[in-house]
Structures are given as structure tokens and as C-alpha cells.
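Visitor: I have a model open and would like to learn how to read it. Could you take me through it one feature at a time?

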Amino acid sequence: MDPRRVALTAAVVALLLIAGCTAPTPPPEVAETGEIEGDETPAEDAAADEESDDADTEPLQELDIEADTVWDEVTSMMDSDAPQPDLVVDEMPAGADQAFEPQQSDFQEALNATDSAPAGNGTSGLAMPGNVYVFPDGPDEEVEQVLVHEYAHAIQYADGMFASWLRSPPATTDEELLQTSLIEGGAVYVADEYTEHNFPEFPAQSEQMTASYEAAPAGDRLLLAPYHFGAEYVHAEIDSADELPRVYRSHPITTAGMLHPDRQPPATDLDVDVETGETDWSVERTDRKGELYTRIVLDTELSNDAAVDAAAGWSDDELVVFADESGQNAFVWTTQWASADDADAFADAFETKVDTRTDQWADRTTVQRVDERTVSVVIGPDEFQAAVDPTVMDGPIEIDLGTPAPPALTAPTHSVANSAAGGAAPAST
């Protein structure tokens, strides 16, 4: 289970993750001056540890914010008659702090994409069935924006905008990032429209999210990306908050479609079969990571522009996570691209990413060219590297571990090996 999911009941977990759990706050300079400074440390931690001695934090009512008036305006904007949730101020439910933890996994560690900045202060919020929680720690405008964001989530849920998503969890990382982006992007859009009507001199929440995202390391970017890219997508799709339900009736099916809404969806035939042979390795889980995830993990060593360009030709991918009897993990991440040039761009970018690293996982990573549009990243110990043979077999990509080769025949690290002439399955990594 993704570490961001809160250890409560299944229904509450679904709402924390899917129904929009948080409104991260801007970098300190944004909150204090209203200016967007892209190099500031992000301040997305919402729970703001109850043990912190922030004695000056005032209740919401003392910040001159009339919650009922805010609710009435938000429901009018969204053309909703949803029942008003109870407002809880200055506290969060048990376990809520976990909803704001950066996304981490063994695979991300292997990609050197787990860095996280220390959490800062700032107003935070949470929406759950029947309740909205706000922890005010910033200027009145910021507090009001977060309250609007959480009220928007309450209306999204009450009006069933994404009811089908709550009946089953997202099957892949790409699907999770897409759904969360559309949900959070919708709430950010509502907060932006409200801000424009009520205090246009204050930075829009989408501007604050952009600043936080751009300043964040990779581990935090995976948490912040839905707010930034989701808001960009929703802003491009609708002209007013009452049109928000349309976003959920017709939407992309991948993060690639969200990032490039005017581009034709990729036509891919990627199919990965695995044969573990007589080795000690077994398949633990599979996943599709998607273009947005690929962009973020490339950005750890490359410039943002280089990462965007290298991920832009994404067509499909499948990550296969292996484990041996001792519990150590290994990975084969097979990526398929729209063209041979796009595959070249990714392979070159990933080689550069690995070559600039000094961590232990870098020495266990190779990049293999399977065919003109398919590139596999193989990560694991020498014996795993020696056993893996990704090839094309009558259409599907066959990952055959077979019999491990002698150490002398182990492929060198950081190499691109050419071989003959592409859904992802469930579970996040």
C-alpha cells in the first residue's frame, strides 16, 4: 500500500486518498509576501504536529472568516445543494499526518527519487465524510483558500462526481496519479475562482502549488504533482466552477493524456510475459508508472526541461517487481515509446541519470534496448542482471530469467544492449 494512505477504515482511507485529502500550503515567502518564489522550500505538511508549541495560532472564527458564508458562496459557485459538513478547527483526525507523507517505495529508492525537504508550517486541511478539518497557520486569505478547497472536496464527494472511483482503488500508480490530479485539480480550480472574486491581490492557490512543486525534491513532487498538474488541466477544460462535474464525466485515462490533452492517446501493444525458470526469483507485483511519474524520477538528475522532453514520448510501461527467498528486491521496468527517436531520448536520459549517481543502486542498474520502441531498465544484484533476458517473442516482451550466467558473463552496468525487434497490471509500488 502506498505510504500516503492513512491507516484508518477502508472507507476513510479511500476518501483521504481519492476524495481529496489536503490542501498543501505555499512556500513561506508566498504566504507572507504574496510573491511566488520558485526556489523556496515547500510547506505541504498539513498535520502540523499537535505537540508543536504554536501558541499564537488562533481559532478560525477569530480570523474573521464566516464559515457559513464561505460555504454558501462555494455551493453557489458549484451549483450544488450538498449538505454543509461540520467544521473542525485546530485539530486533525488520528492518522491524518500520514496523508501528507511523501510518496516512497523501494523502486523509488532504486531510482534515487525519495529525497524530501523538511516540512514547513502553513495552513492545512482535510475533507472526510461529514467533516472538514482546517488547521489555520497563515494569513486569513490562505486560511480561507484552504477552507474553500476542502469545501469543494466535500461537494465533489456529496454530488458523486467521482463515485465510481471510490468503489475500487486505482490499479496502478499512473491511474492513482491521474485520479488524484483530477480531484485535487478541481478543488484548486474552485479555490482560484473564489480567490479571484474575493481577494484577487492574493496569489491564486494554483500559483502557490506551482511554486511548491517546482521547489520540491522528487519525493515531495510525487505528492504535490496532482495539485499542480491537475489544476493546469482543469483550468484548460472548464470556464467556471459549476462546470466541474464535466471533468469527471469525460477525462483522460492516463497522466500522459492529462499532460497532453490535445495529443492523440498512444496506440500501444505492450504486453510483458515473465518466465522465472529455475532461479530463486519470483514476481511480487506489477505496475504501470506513467508519463508523469517518469518525468518526476528523471528530474532528480536532469534539468526539468530535459526530463520533460525525455518523458514526452511515453506510450506505455510495465514495472515487474521481483523478490528472492531472502526478501531482496529487483526490478525490470519495460517502457514503450511512440517512436524510435522517443525511445532513444529516454534511453539516453536514463543513462545520464545513472552515470551521475554514486549510490549503490546505480551500480546495479542497466538499460537495455529491446526493440526500436522499447527500452527496459533492469535493476538488481549481479546474479539477477546475469539472468535477465528481455526479448520480443511473437509480439509480447518476454522477460526470461532462465539460468543465471557465470559472473564473467554479467553485462556491464550503464550499458545499452541492442537485441531483436511492444496494460499494466495492478498494484502500486
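Guide: Let's begin with accessibility. Ala 215 counts as partly exposed, at 21% relative accessibility; buried means under 20% relative accessible area, exposed over 50%, and partly exposed in between (1.4 Å probe, protein chains only). You're looking at a predicted model, where local features need pLDDT of at least 70, side-chain atom pairs need 80 or more, and totals for chains, interfaces and linings use all residues. Residues count from 1 along each chain as its sequence is written, and side-chain values use heavy atoms, without hydrogens or water.

Visitor: Which element holds Ala 215?

Guide: Helix H8, spanning residues 205–215. Helices (H or I, at least four residues) and strands (E, at least two) are DSSP runs, numbered from the N terminus.

Visitor: Now backbone angles. Which residue has a positive phi of about 55° although it is not a glycine?

Guide: That's Asp 79. Find it in the loop between helix H3 (67–78) and strand E1 (86–89). Asp 79 is exposed, with a relative accessible area of 64%. Asn 112 has a positive phi too, about 60°, and isn't a glycine either. You'll spot Asn 112 in the loop between H4 and strand E2 (124–128), and at 28% relative accessible area it is partly exposed.

Visitor: Let's turn to rings. How many aromatic pairs does a search of the whole structure find?

Guide: It finds 17. Rings of Phe, Tyr and Trp (its six-membered ring) pair if their centres lie within 6.5 Å; planes under 30 degrees apart are stacked, over 60 edge-to-face, the rest tilted. Take Phe 107 and Trp 333: the ring centres are 5.5 Å apart and the planes stand at 85°, so this one is edge-to-face.

Visitor: What does the pair of Phe 107 and Trp 333 tie together?

Guide: Phe 107 sits in helix H4 (residues 106–110) and Trp 333 in strand E7 (residues 329–337), so the pair links parts that are 226 residues apart in sequence. Phe 107 is buried, with a relative accessible area of 0%, and Trp 333 is buried with 0% as well. For a stacked pair, go to Phe 162 and Trp 165, with 6.1 Å from centre to centre and 20° between the planes. Phe 162 and Trp 165 are both buried.

Visitor: Which residues form one aromatic cluster?

Guide: Phe 107 and Trp 333 belong to it, along with Tyr 293, Phe 331, Trp 337, Phe 346, Phe 350 and Trp 361.

Visitor: Last topic, helix packing. How do I describe two packed helices?

Guide: Give the angle between their axes and the distance between the axes. Here axes are lines fitted to C-alpha atoms, for helices over the stretch in contact, with angles from 0 to 180 degrees between N-to-C directions. Helix H9 (residues 218–237) and helix H12 (residues 290–298) have axes that come within 10 Å and cross at roughly 135°. H9 and H12 are therefore oblique to each other: under 35 degrees is roughly parallel, over 145 roughly antiparallel, 65 to 115 roughly perpendicular, the rest oblique.

Visitor: Which residues of H9 and H12 make the contact?

Guide: From H9, Ala 218, Arg 221, Leu 222, Ala 225 and Phe 229; from H12, Leu 292, Tyr 293, Arg 295 and Ile 296. Contact means heavy atoms within 4.5 Å. Tyr 293 is also one of the residues in the aromatic cluster.

Visitor: At what angle do H5 and H7 pack?

Guide: Helix H5 (residues 140–158) packs with helix H7 (residues 173–198) at about 130°, the axes being 8 Å apart. That makes H5 oblique to H7. The H5 residues that meet H7 include Glu 144, Val 148 and Ala 152, and among their partners in H7 are Leu 182, Gly 186 and Tyr 194.

Visitor: And how far apart are the axes of H3 and H5?

Guide: They are 10 Å apart, with an angle of about 55°, which makes H3 oblique to H5. H3 brings Ala 67, Val 70, Trp 71, Val 74, Thr 75 and Met 78 to the contact. On the H5 side, the residues include Glu 144, Val 148 and Ala 152, and those three also meet H7.
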